[in-house]
2 protein chains.
Amino acid sequence: MLLQVDLASSEPLYRQIRTQIVQGVASGELSPGDPLPSVRSLAGNLGINMHTVNKAYAVLRDEGYVVMRGRSGAYIADTARTVSPARAQEQLDHIAGQLAGLATEYRARGGSEMEFVELARVQAHRVYGTKGEDDAS
Amino acid sequence: MLLQVDLASSEPLYRQIRTQIVQGVASGELSPGDPLPSVRSLAGNLGINMHTVNKAYAVLRDEGYVVMRGRSGAYIADTARTVSPARAQEQLDHIAGQLAGLATEYRARGGSEMEFVELARVQAHRVYGTKGEDDAS
DNA sequence: TTTCTGTTATATGTGTACTATAACAGTTAG
DNA sequence: CTAACTGTTATAGTACACATATAACAGAAA
C-alpha cells in the first residue's frame, strides 16, 4: 500500500490520507487485520507533521475503518462488525444525499435521468472492476 | 423562488445560496430569462452581508448559470448556450469523478455494484420526479 | 442626470488546516 | 519488570477561507 500526498491540492492532507486508505479497503488491497504504519513513521515518509496523520487515523477510527491496539498500532477493521448499525445508516444516508445532489447538478445542466443513471453505472463499473476479490454472500 | 440560509450549517452561506439556485434551475422553478433579486436586497432579506450573496452570484456566473446585465441585475442564463464546451466537459468530468468517489465509499462499506447502481437510480428518480416540465429533444 | 446594478478594495474577526514541541497512558517486546 | 513504542492530548503559532463592515467605482437604465 503506497501512500502519497499532494501539497498543492486544495483537499486537506489528512483527507487525502483518509481517502487513500478507504480506496485500499474498497479495492481489496487492504483487508481486515492488515497493519497501518505508525503515525510518526508515515508522517516522516510523507514529509508532513505527525498530527496530520494522526487526524486522518482518528477520522478512520470514528468511521469504523480502523481499530487501535495500544502499542501494536493501527489495523484495518472488520467494518461489518466494528460499525454500529446506526452509524452505518448515517453513512448510507450521506451517500444517498450526495447522489441526489449530483443528480440535481446533472439535471440543471440539461441532462436526462437515463443519462445520469448510465453515467453512475459506468463509474461504478470502473470502481468495482478493480481487483474484485470479494465474495458474494 | 424562496431562498433561505442556515447559519448553523457547516456549509458556507454563499454555497447554500448557489446550491438553491441550481436546484431551482433543475426543478424548472427557475427558467432562462428569470430575474434574480439584487445582491443587496437578497442580503437584506436573508439577514446576511452583501458580499456573501455577491460571491454566490459570481460563482453562478462563472459556472454559466447566471448572466449579468448592468443595472438590470442578474438573470438565469440559457446554460446550453452560455457554457463553453470545454467548461461543460470539466463539469461533467467533475460529476463523474464524484460518482466514482461515492462508488468507492460504497464498496469499502461492503456494498455491491448492483446495489450502488440501484441506489443511484432511486435517488435520480427522486430528483427527476420533481416538476419535470422538460422537453425531450 | 440620477439611480441602481454588479464589482472591487481594504480591514477585521472567526474557524479550520497544518506545523511544532511537549508530555501522557496503554501495550508490548526484550 | 523495564524500556520502548503506540496513539492521544495539550498548547502555541502560522496560513488561508469564510463572513462581516465600510467605501468607492463603472456601467446601464429609468
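How many residues does α5(A) have, and how far does α5(A) reach from its first C-alpha to its last? I started my notebook with that one, keeping in mind that this is a predicted model. I get 24 residues and 35 Å, close to the 34 Å expected at 1.5 Å a residue.

**Entry: chain A overall**

I went through the elements of chain A next and found six helices and two strands. Read from the N terminus, the order is α-α-α-β-β-α-α-α. I put a box along the principal axes, and the C-alpha atoms of chain A fill roughly 55 × 40 × 30 Å. Of the 137 residues in chain A, 39% are buried. I also looked at contacts in chain A with a separation of 6 or more: 44% of them are between residues 24 or more positions apart.

**Entry: back to α5(A)**

I listed the buried residues of this helix; among them are A:Gln91, A:Ile95, A:Leu99, A:Leu102, A:Glu105 and A:Arg107. What do the buried residues of α5(A) pack against? In chain A I find α3 (50–63) and α6, and in chain B I find α1 (13–27), α4 (79–82), α5 and α6. Just after the helix, A:Gly110 has a positive phi of about 100°.

A:Arg87 and A:Glu90 pair through their side chains, with N to O at 2.9 Å. The two residues sit three apart in helix α5 of chain A, so about one helical turn separates them.

**Entry: the core**

Which residues touch the most other members of the largest nonpolar core? The core has 28 residues, and the answer is A:Leu99, A:Phe116, B:Leu99 and B:Phe116. I traced which elements give two or more residues to this core: α5 (85–108) and α6 (113–128) of chain A, together with α5 (85–108) and α6 (113–128) of chain B. As a reminder to myself, nonpolar side chains in soluble globular proteins tend to be buried together.

**Entry: chain A against chain B**

I counted 42 residues of chain A in contact with 42 residues of chain B. The two chains bury about 4000 Å² between them, with 64% of it on carbon and sulfur atoms. Which three residues supply more of the area that chain A buries against chain B than any other three? They are A:Arg107, A:Arg109 and A:Tyr128, with 22%.

For polar pairs between the chains, I found 17 residue pairs in polar contact. On the side of chain A that touches chain B, the elements giving two or more residues are α1 (13–27), α5 and α6 of chain A. The largest share of that side, 14 residues, comes from α5(A).

**Entry: salt bridges**

Over all chains, my search turned up twelve salt bridges, and the count between chain A and chain B is two. I looked at A:Glu105 with B:Arg18, where the closest N and O atoms are 2.6 Å apart. Both ends are buried: A:Glu105 has a relative accessible area of 16%, and B:Arg18 is at 5%.

For contrast I opened B:Asp62 and B:Arg61, whose side chains form a salt bridge at 3.0 Å, N to O. B:Asp62 is partly exposed at 47%, and B:Arg61 is partly exposed at 41%.

**Entry: a loop residue**

Last, I looked up A:Pro37, in the loop between α1 and α2 (39–46) of chain A. A:Pro37 is partly exposed, at 35% relative accessibility. Beyond its neighbours within four places in sequence, A:Pro37 is in contact with A:Leu42 and A:Tyr57. I also took a C-alpha to C-alpha distance: A:Pro37 and A:Ala74 are 37 residues apart in sequence and 7.4 Å apart in space.

Note on methods: Residues are numbered from 1 along each chain as its sequence is written. Chains are lettered from A and ligands numbered from 1 in the order in which they are written. This is a predicted model: local features need pLDDT of at least 70, side-chain atom pairs count only at pLDDT 80 or more; totals for chains, interfaces and linings use all residues. Side-chain values use heavy atoms; hydrogens and water are left out. A nonpolar core is a set of buried Ala, Val, Leu, Ile, Met, Phe, Trp, Tyr and Cys residues joined through side-chain atoms within 4.5 Å. Buried means under 20% relative accessible area, exposed over 50%, partly exposed in between (1.4 Å probe, protein chains only). Helices (H or I, at least four residues) and strands (E, at least two) are DSSP runs, numbered from the N terminus. The expected span of a helix is 1.5 Å times one less than its number of residues. Contact means heavy atoms within 4.5 Å. Buried area is the accessible area (1.4 Å probe) that two parts lose on being put together, summed over both. A salt bridge is a side-chain nitrogen of Lys or Arg within 4 Å of a carboxyl oxygen of Asp or Glu. A polar contact is a pair of N or O atoms within 3.5 Å; within protein, one must be able to donate a hydrogen and the other to accept it, and residues adjacent in sequence count only if both atoms are side-chain atoms.
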